[in-house]
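Welcome, and take a moment to look over the sequence and the model. We will walk through a sheet and then a pocket.

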Amino acid sequence: MIADLVVTFVFILFAMVMLLGLATLLTWVERKLSAMMADRIGANRCYVKIPLINVKLIALGLFHAMADGLKMMSKERFIPKDADKFLFLLAPWIVFAPVLLMFALIPFGGIIYPEKIFGSFFAGKAYLMQIAPLDGGALIILAISGICIIGVVLAGWASNNKYSLLGSIRAASQMISYEVALGLSLLPMVLTYGSLDLHTMIVAQQGSMLGGVLPAWGIFLSPLTAIIYLTAATAENKRIPFDIPEAESEIIAGFFTEYSGMRMALFMFAEFAEIVIISCVFVVFFLGGYNLPYWDFAGSFPRLAIVLWPTIFFIKVFIVSCFQILVRWSLPRFRYDQLLTFGWKFLLPLAMVNITVVTLFLWLVQKHQ
Amino acid sequence: MKRKEYWNQKEMSYWEKLYYLEIARGLWVTFSVFIKNLYKWCTGKKGALTVYYPEERRSDYASNFRGKHKLTILENGRPKCIACKMCENICPSKSIKIVAGKSPDEKDSYSLKIPLSFDLDYASCIFCGHCVEICPKDAIIMTNDVSELPTYAREKLLYSLSDLLESKKDA
Amino acid sequence: MMKGFEYFTTQKDELLAWARKFSIFPYPFVTACCGMEFMSVASTLYDTDRFGAALPRFSPRQSDLLMVVGTVSHKQAPIVKKIYDQMCSPKWVIAFGACAVSGGVYQNYATLKGLDKIIPVDVYIPGCPPRPETVIDAIIKLQSKIETGVSKNV
């Protein structure tokens, strides 16, 4: 009983550090990546003087992110006069908390036996490196991601400002239309692997196909599903090209116009943490999770696996996050009616056709076996 | 190669209606620029087009660029300005104010008038160059220099005769 | 070793000034032709992102630095004052261009002769329009002003 609690606590600590640390690192990565795509160099002037050596340390601009955070903490905390105070203060947390909750369902490693390393305290038990090993993992992820919409609408309504209200209504309509496509794009993968449990999906992606050339990852089995998932998830996250809720040049700052200081930083941080979550789900469903493609090292190096599995997982997550940042800095924004037309008239029929094709293919394969 | 005529097409072509292909083409452009710059930085060269201003400066200012003004002097140190007030009259934003006086040298062969005070207010100067064009004695010129113009207080933008006069070694 | 530790922990004002110096969120309030020079400073050749002043926040509650770029007319003046009042402290103001500093070349009944008639200004940038190098000089001057903590605004 206590051994279970200790292991879960260690996993939670590790997950919080990795998630929040990766989200902070991504703000720096975004600045540098966008600068290098535009033939310039990003922020590189923030120095810290090391006192006794008299050296100015510029760590490639990493201290700018720290300066941003400190400055936003020391800004005046403003609440509008006629705003609904309780909802105004509650809204950033409703947007931020589900993002942290979603990470509890993602396996960042396989099954470990800690008694081999840490002795007899963990008497012969096997633990899966996942904070909450639930059976219906995929379904719960989709359910939790729908809570963010409530936070966005509350933030816009409680600000007593017409631009915020406009921004939040646009956000609500955008997010609910792409939520349907998101669910329908995860359905073919559930059918292919045969279960809702995330660990079973990763185990099913070991091995290779096409006679040993390609690894049996989801992205090679059905690339169209991967593209639809990434599009729908970017729209859920309110990033460019689906940037209408916080469109900078159209409605000032959208639903978080009246927030200043650390509360605005919470909204932006929730957006970056959600990039990490989208990448984690993408890696689990389509990129084979925490395994390397052709080499199953868990059999040969069981003790090294504890360190190697999360490392591989987070490297893959980092690459997919960099791809999302590349998309954000390359594309222009959709107009509002183009966005809804794209969601309902193009993406949803495409997702349904995709499900039909995958189901037919699976039925044909099963008939031949 | 036939140029695409977007402004004549009312609707997108079939190829363009499949959004993802055009999006992939755009992503390829930015990705290739990123990889090129990353390669340049990793091999030690400067992979950016930026001029790092306070440390590096651009060397391609035009030869007739209009920067800060300078009042020129003769060999004996006397300013060439004869206080005729033509620059004060032609300045569109009325930034120049001159008070004329008698030259201290009784038998000055150049001119008997000398400016006692020459005030140029950079707060309203629009750097048009009319004062340079109209001066009959080439007494005022505009240099290529625009350093140290911003100030904390508006009064410091009023430059007097001693600020504008060029020193003997520049003449 | 203790001296080094004290440098980071007990100098709270210096720490806050350091943080505010290197992370400036400007609000470019562009009204006239100087806006072209602002766009040129913010883009690749002369980059304001190097100083940390890249992300423009278009909401007055979230920005630090109000850059009034271009001519302010008498009709526009109450709007500028309202935006300045809505900003959250600490805040700084830059008057960009000859028209914002002193009305510039316009001497008529419709132009406000200088921005400091309605709001307190921290750095004045003359020029019509100012060269991007001058704007970067002004940002460096503003950074040293933030570092010493002396400001006309809170």
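In what order do the four strands of the open sheet in chain C lie? They run β1-β2-β3-β4, with parallel pairing. Strands here are DSSP runs of E with at least two residues, helices are runs of H or I with at least four, and both are numbered from the N terminus; two strands pair if DSSP finds at least two bridges between them. At the edges sit β1 (26-30) and β4 (123-125) of chain C, each pairing on one side only.

This is a predicted model, where local features need pLDDT of at least 70 and side-chain atom pairs pLDDT 80 or more, while totals for chains, interfaces and linings use all residues. Residues are numbered from 1 along each chain as its sequence is written, chains are lettered from A and ligands numbered from 1 in the order written, and side-chain values use heavy atoms, without hydrogens and water.

Back in the sheet, β1(C) joins β2 (residues 65-69) of chain C through five bridges, and C:Phe29 faces C:Val68 in β2(C). Helix α3 (residues 34-42) of chain C packs on the sheet, touching β1, β2 and β3 (92-96) of that chain; contact means heavy atoms within 4.5 Å.

Now to the second largest pocket. α2 (19-42) of chain B, α10 (223-236) and α13 (302-328) of chain A each give two or more residues to its lining, and α2(B) gives the most, seven. Among the residues nearest the centre of this pocket are A:Phe323 and B:Ile23. A pocket is an open set of points on a 1 Å grid over the protein atoms alone, where a 1.4 Å probe fits, with protein on both sides within 12 Å along at least five of seven lines; lining residues have an atom within 4 Å of a point.

Key: Axes fitted to C-alpha atoms, helices over the stretch in contact; angles between N-to-C directions.
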